[in-house]
Amino acid sequence: MGDMRTVSTVVYGCITCLSVLGITCNILNLLILTRKGLRGHSTYTYLTGLAISDALTLIFVLPLAFSRFLIFLGVKHCLSHSQAFYEVYFFMPFSNSFSALSIWIASAVTIERFIFISLPVKSKTYCKVQVACVVLFILFVSTTLYHLPYFFTREVFLHEDENATLASNICDDNGPTVTELCEERCYDVTYTAYSSRKSYQVYRWIRMLFVQIIPWILLLVFNLLLLYNFRKSRKMSRTNINSSGNFKEAENRLTVMLIAIVFESLIFDVSIALTDHVSSAFFFGGGDKGFYNTDTYEKLTLAENFIETLSHSVNFIFYCALNKNFVREVQKLCSCCFPTQTTASCTVNGGAFTTPRNSIDLRPLGKHHTCAPASSNSFKCKQ
């Protein structure tokens, strides 16, 4: 039990830190992807939707992970009513909904890129910002509606240990006069009767099919086709002397970045699928319901939570490593937020001195010397 508590403390601490980092990175993604240089591209529209979905997933994960971390660390005794309420009616439905949305957006952008590379005629119809916005809206509505049952699968209950029972009795009898003991009321989350129905179990398997298996197959198939057609297109462009260099190279870099991101998503999705609530009992517990009460299941749940949090946090690294256009926009954003002084260089009587732009230099140039611009970043003196 002590070892399991230590593992839980470390994992929830890592998830908390990773959620903060991931939220920050996805906000940066939004700031960059919505800049003028990128927002007119349908692929970047999908990536903007992916950044929003990832950020919202992590925003709903963060409070839960932090409260669990404090409990396992020993700072808090148990969940308060508000924390348990948050887990039931906010974390469970919304984090799962936005996580599923991210998976489907990744599938959509892969299909869109395949059409762009392999079907150039149809790409003029389907690879548009307007089409991307419609697809994102449909995916958002679909994933939200599909996860409505999550509002009815769990409920808050008062934990019946000795401290909670004692504090409950005193608070009920004496009201708010014993504040310290009242604060010791312990709440937890349990499954409802609805979650044990066969219809809900069928729903869980259908969800696994549509949220994990089908998107994984789509990602794998279209990414392999995209990779094949991309290599074929590269060979053709090398023999075509009329191909436009800069535009083609920018599109190639974008395609390489998406291929890398999709392969990363495939690896994460397999890991998440194997540790999922439904599949873990099937693969590791032999279908035995008692498996859910073992340390093995708890460790698999921790692994799933960590991997899923990581999967929503790393795209910024791929964008910076594989997309020069994205890096260029990052540099422009940094130059706007943190402007640096440029200097103006003047030559007088064969000597040179520099003067910060937008400042006054008090050294006299002489009445026949004036500074005239030689380029955007330098000045020459003329007589």
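Predicted model: local features only at pLDDT ≥ 70, side-chain atom pairs only at ≥ 80, totals over all residues.
Leaving aside residues up to four places away in sequence, glutamate 112 touches Ser42, Thr43, Tyr46 and Cys127. Glutamate 112 itself sits in helix 3.

Now show the side chains of glutamate 112 and serine 42. A polar contact joins these two side chains, at 2.4 Å. Is glutamate 112 buried or exposed, and which side chain of opposite charge is nearest? Glutamate 112 is buried, and the nearest side chain of opposite charge is that of arginine 113, 4.8 Å away. A salt bridge needs a nitrogen-to-oxygen distance within 4 Å, and glutamate 112 has no salt bridge.

From glutamate 112, move to Cys127, one of the residues touched by glutamate 112. Cysteine 127 has a relative accessible area of 16%. Buried means under 20%, so cysteine 127 counts as buried.

Next, select cysteine 78 and cysteine 186. Their sulfur atoms are 2.2 Å apart, and the two residues form a disulfide. A disulfide is a covalent bond between the sulfur atoms of two cysteines. Where in the chain are the two partners? Cysteine 78 belongs to the loop between helix 2 (42-73) and helix 3 (81-118), while cysteine 186 belongs to the loop between helix 7 (179-182) and strand 2 (187-191). The pair is 108 residues apart and links distant parts of the chain. Look along the S-S bond: the torsion there is about -85°, so the disulfide is left-handed. Cysteine 78 and cysteine 186 are both buried. The count of disulfides comes to one.

For a contrast, select cysteine 17, which is in no disulfide. The nearest cysteine sulfur to that of cysteine 17 belongs to cysteine 14, 6.8 Å away. The relative accessibility of cysteine 17 is 56%, so this residue counts as exposed.

Then go to helix 12, residues 315-322. Which residues of helix 12 are buried? They are Asn315, Phe316 and Tyr319. Turn the view to look down the axis of helix 12: the buried residues fall within an arc of 105°, so they line one face of the helix. On the other side of helix 12, Ile317 and Ala321 are exposed.

Finally, zoom out to the whole chain. The secondary structure comes to 13 helices and six strands. The protein chain has 383 residues, of which 42% count as buried. Among contacts between residues at least 6 apart in sequence, 74% join residues at least 24 apart.

Terms used
Residues numbered from 1 in each chain as written. Heavy atoms only, no water. Disulfide = S-S within 2.5 Å. Helix = DSSP H or I, 4+ residues; strand = E, 2+ residues; numbered from the N terminus. Buried < 20%, exposed > 50% of the residue type's maximum accessible area, 1.4 Å probe, protein only. Lys, Arg positive; Asp, Glu negative; His and termini not counted. Polar contact = N/O pair within 3.5 Å; in protein donor to acceptor, adjacent residues only side chain to side chain. Contact = heavy atoms within 4.5 Å. Arc of directions from axis to C-beta.
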